[in-house]
Amino acid sequence: HLLVTNAGNNSIVQITPAGVVSTLTRSISSAVQTIKYDGQGNLYVVSTDATLNKLGPAGNLTTLASGIGGPTGLAVNSAGEAFVTTSANTIVKVSNGTKTTFANAASGLTTSYGATFDSAGTLYITEDQRNRISVVALSGQVSRFVESTVVAPRDLLTTAAGDTYVLNSKTIAKLNGDNPGEIVGSGLTSAISFTAAPGGGF
């Protein structure tokens, strides 16, 4: 199943493969912005209070960084490094507690919002005000990838099978396969982020 954050009521909901939506929790953070799991079952949480936290499988909570202004999206690579997109058109990299600027407007970022890594380690970001998905190279340089089939895309998710899903405030669509743009999840309210649970997503 998938986990989705709702900004309107500070909740996290789960969506089953059948598309059924239910509230999972309202208590991980009082100001949750975006969430992503890594490959070890750790849940990374970025909050609007500018903090990045990691919730371990046993429930232990660790603050990895603070002072990340205007966070909007989050991606975590296989090394456990977090990449946080911000409203200032920057991507902040957090590695072993150290923050660095990975990309910014000079790299080609415009209206960046959500982020994800695919299985090959490629970083994708959404540009919600331009209805666009872009690729960020290891150098931090941004290139256009695809015009989104979803209006105002907020977040992205790629699976081990190579499928790509995009989220806006109310729906989730699949970008590839036999029917690109197919809606696979709906009934959301003010959704801003989603992630696959450790057992897998769609």
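1. pLDDT is the predictor's confidence in each residue, on a scale from 0 to 100. The model under review is predicted, and the protein chain has a mean pLDDT of 83, with 88% of its residues at 70 or more. Among the elements, strand E10 (residues 91–95) has the highest mean pLDDT, 96, whereas strand E3 (residues 21–25) has the lowest, 71.

2. The secondary structure of the protein chain consists of 20 strands and zero helices. Of the contacts with a separation of 6 or more, 37% are between residues 24 or more positions apart.

3. Of the 202 residues in the protein chain, 51% are buried. The accessible surface is about 8,800 Å², and carbon and sulfur atoms contribute 48% of that area.

4. Strands E6 (residues 52–55) and E7 (residues 61–65) run antiparallel and are joined by four bridges. Leu55 has Leu61 in E7 as its bridge partner. The two strands, E6 and E7, form a hairpin with five residues between them, and Gly59 in the turn has a positive phi of about 95°.

5. An open sheet of four strands has the order E16-E17-E18-E19, with antiparallel pairing. Strand E16 (155–158) and strand E19 (182–185) are its edge strands, each pairing on one side only. On average, neighbouring strands of this sheet are turned by 30° against each other, direction ignored.

6. Within that sheet, strand E18 (residues 172–174) and E19 run antiparallel and are joined by three bridges. Lys174 stands opposite Glu182 in E19.

Definitions and conventions. Residues numbered from 1 in each chain as written. Predicted model: local features only at pLDDT ≥ 70, side-chain atom pairs only at ≥ 80, totals over all residues. Heavy atoms only, no water. Pairing = 2+ DSSP bridges. Buried < 20%, exposed > 50% of the residue type's maximum accessible area, 1.4 Å probe, protein only. Contact = heavy atoms within 4.5 Å. Areas by Shrake-Rupley, 256 points an atom, 1.4 Å probe, with all protein chains shown as cover. Axes fitted to C-alpha atoms, helices over the stretch in contact; angles between N-to-C directions.
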